[in-house]
Amino acid sequence: MHHGEHRADHSPHHQPSQGHPQPPRTAKLILRPQASPPTHPVAWFAAAFCTLLWVAIILGGIAVLIIYLIFRPRNPRLEISSVTLNGAYIDAGTLNADLTILANFSNPNEKVYVSFSYMQLDLYYQGTMIATQAVEPFEEARGESVLRTVHMISSQVPLPEKVADALRGGKMGDGLSMEVVGSFRTRLDLGSWLHYTYWLHGRCDIFVGGPPNGALRSSRCTTKH
């Protein structure tokens, strides 16, 4: 009996494992991806529209650049060729004047025709508009200049008291500094298929001798978009 018990005590099936612990079993969690909801047709339409819009903007910019490089359009210019101050006097603080202006409208473009559909010249003295006159519309070929005679008449235009007193005191005989301001509705013809219409603004600072027959002594003009 003791011998049988001794063999049972040394049986390998009943001895615990020494130095090799068994790892604990862990539960495995399997995550299955969920199917995303289908994209709404409105989202597809918005994305397509934005893409087409950006493509159109890029192509339009390229087209404008190509047209500019081909034609290189420049603004027409306003210049004052001559001025005659036929007469001017002060009556009870108001100005009466008669002025004849020879305006030169030039087209500096070599590949672009220019047309003016609306033209107006305003005459200013010391910040006060003393006369205004419309100019008949016309067209200009490439590199052409057109002269227009503009008759400006001031009739009983009120002036600030200090300005009127200075003119009454003899300043008019020394000559007058005035400004000619023009507004022009301008169209550039880039070939027969493309036209560009915009407003053009000109300004000329002129100095004329005293009346009668006061002539132009100096002129400085700028023309801007």
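Student: Which residues make the nonpolar surface patch of about 540 Å²?

Tutor: First, this is a predicted model, where local features need pLDDT of at least 70, side-chain atom pairs count only at pLDDT 80 or more, and totals for chains, interfaces and linings use all residues. Residues are numbered from 1 along each chain as its sequence is written, and side-chain values use heavy atoms, leaving out hydrogens and water. The patch is made by V55, I58, L59, I62, I66 and I70.

Student: Is L59 buried or exposed?

Tutor: L59 sits in helix α2, residues 41-71 (a helix is a DSSP run of H or I, at least four residues; a strand is a run of E, at least two). Buried means under 20% relative accessible area, exposed over 50%, and partly exposed in between, with a 1.4 Å probe and protein chains only. L59 has a relative accessible area of 53%, so L59 is exposed.

Student: And S154, buried or exposed?

Tutor: S154 belongs to strand β6, residues 145-158. Its relative accessibility is 5%, so S154 counts as buried.

Student: Which backbone oxygen does the side chain of S154 reach?

Tutor: Not counting residues up to four places away in sequence, S154 touches L95, N96, A97, I130 and A131, where contact means heavy atoms within 4.5 Å. At 2.6 Å, the side chain of S154 reaches the backbone oxygen of I130.

Student: How many Å apart in space are A88 and P211, C-alpha to C-alpha?

Tutor: A88 lies in strand β1, residues 77-91, and its contacts beyond four places in sequence are N96, A97, M172 and P211. A88 and P211 are 123 residues apart in sequence, while their C-alpha to C-alpha distance is 6.3 Å.

Key: Polar contact = N/O pair within 3.5 Å; in protein donor to acceptor, adjacent residues only side chain to side chain. Patch = residues over 30% accessible without salt bridge, like charges linked within 9 Å, V, L, I, M, F, W, Y side chains within 5 Å. Areas by Shrake-Rupley, 256 points an atom, 1.4 Å probe, with all protein chains shown as cover. Salt bridge = Lys/Arg side-chain N within 4 Å of Asp/Glu carboxyl O.
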